[in-house]
Amino acid sequence: MEKREELYRGKAKSVYKTDDADRLILLFRNDTSAFDGKRIEQLDRKGMVNNKFNAFIMQKLEAAGIPTQFDKLLADNEVLVKKLDMIPVECVVRNYAAGSLVKRLGVEEGMKLNPYTFELFLKDDAKGDPFINESHVVAFGWGTAEQLVRMKELSLKVNDVLTKLFDDAGLLLVDFKLEFGVFSDGSIVLGDEFSPDGCRLWDKDTKKKMDKDRFRQGLGDVIEAYEEVAKRLGVPL
Ligand SMILES: Nc1ncnc2c1ncn2[C@@H]1O[C@H](COP(=O)(O)OP(=O)(O)O)[C@@H](O)[C@H]1O
Ligand SMILES: [Mg+2]
């Protein structure tokens, strides 16, 4: 597998072409951003931890029948993935109230949502990733109604699989964000990453935050918390 030119550089990862038209390399950097990229810091080991965390989770999801981008780990900070035509919509599943839901609706953080909620946000930092609904996705051509049905179905399946996985590690999966894309065969595949950067994880007993809210809220020990989560799950770092 030959690494070719950089295709794009996001806030946390750089994406490279390869000699295979159906494969890309994702390079996880130490850059850590919050507030739509308005605050950026380097956190030691973050690229490595998130790369290995993501590889572990994607393989668990794949084993549970969820199509993912994951192909193979190439290095501490690099993974080979399926090249996807990304749908610019973030799918968010929530099991407990936190973050923007608390701000928007004025509900108490930690309130159990019964059942879960499923939300869509446009992936557009300049617009502040606005809250959208399914009709916007179809009307503006970001995705089709059929693709949305599949994205929702897969998001809820991810929730089932990961709620159990984290629960067994003494963690509450509060909420998470997924990005999907279309593979060359037309199928909807889970892309981007699943790491403590894009989900909320609380210790079941103490409710200690173990995710990127430690960075957003200046709580400290950000990567130490990510490593603790990885250790509890059995992710080899
Ligand atoms: N399998 C994939 N194929 C193509 N693009 C991908 C894939 N996985 C992730 N991407 C895209 O790579 C970009 C880089 O990731 P990231 O640094 O998280 O960017 P961003 O700042 O846009 O969130 C994102 O735009 C993401 O949607
Ligand atoms: Mg991103």
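These legends describe close-up views of a predicted model. Residues are numbered from 1 along each chain as written, and ligands are numbered from 1 in the order written. Local features need pLDDT of at least 70 and side-chain atom pairs pLDDT 80 or more, while totals for linings use all residues; side-chain values use heavy atoms, without hydrogens and water.

**View 1. Residues around ligand 1.** Ligand 1 is surrounded by 15 residues, counted when one of their heavy atoms lies within 4 Å. Tyr8, Lys11, Lys13, Gln69 and Lys123 are the closest. Seven nonpolar, two polar and six charged residues make up the shell; here Asp, Glu, Lys and Arg count as charged, Ala, Val, Leu, Ile, Met, Phe, Trp, Tyr, Cys and Pro as nonpolar, and the others as polar.

**View 2. Polar contacts of ligand 1.** Such a contact is a pair of N or O atoms within 3.5 Å. Oxygen atoms of ligand 1 lie 2.7 Å from a polar backbone atom of Lys11 and 2.8 Å from a side-chain N or O atom of Lys123. A nitrogen atom of ligand 1 is 3.0 Å from a polar backbone atom of Asp192.

**View 3. Ligand 1 and the two domains.** Ligand 1 lies between domain 1 (3-82) and domain 2 (87-221), because both give residues to its shell. The domain bounds come from an automatic or database assignment.

View 4. The bond from Asn114 to Pro115 is cis, with omega near 0 degrees. Pro115 is in strand β9 (residues 112-122); strands are DSSP runs (E, at least two residues) numbered from the N terminus.

How values were computed:
A polar contact is a pair of N or O atoms within 3.5 Å; within protein, one must be able to donate a hydrogen and the other to accept it, and residues adjacent in sequence count only if both atoms are side-chain atoms. Helices (H or I, at least four residues) and strands (E, at least two) are DSSP runs, numbered from the N terminus.
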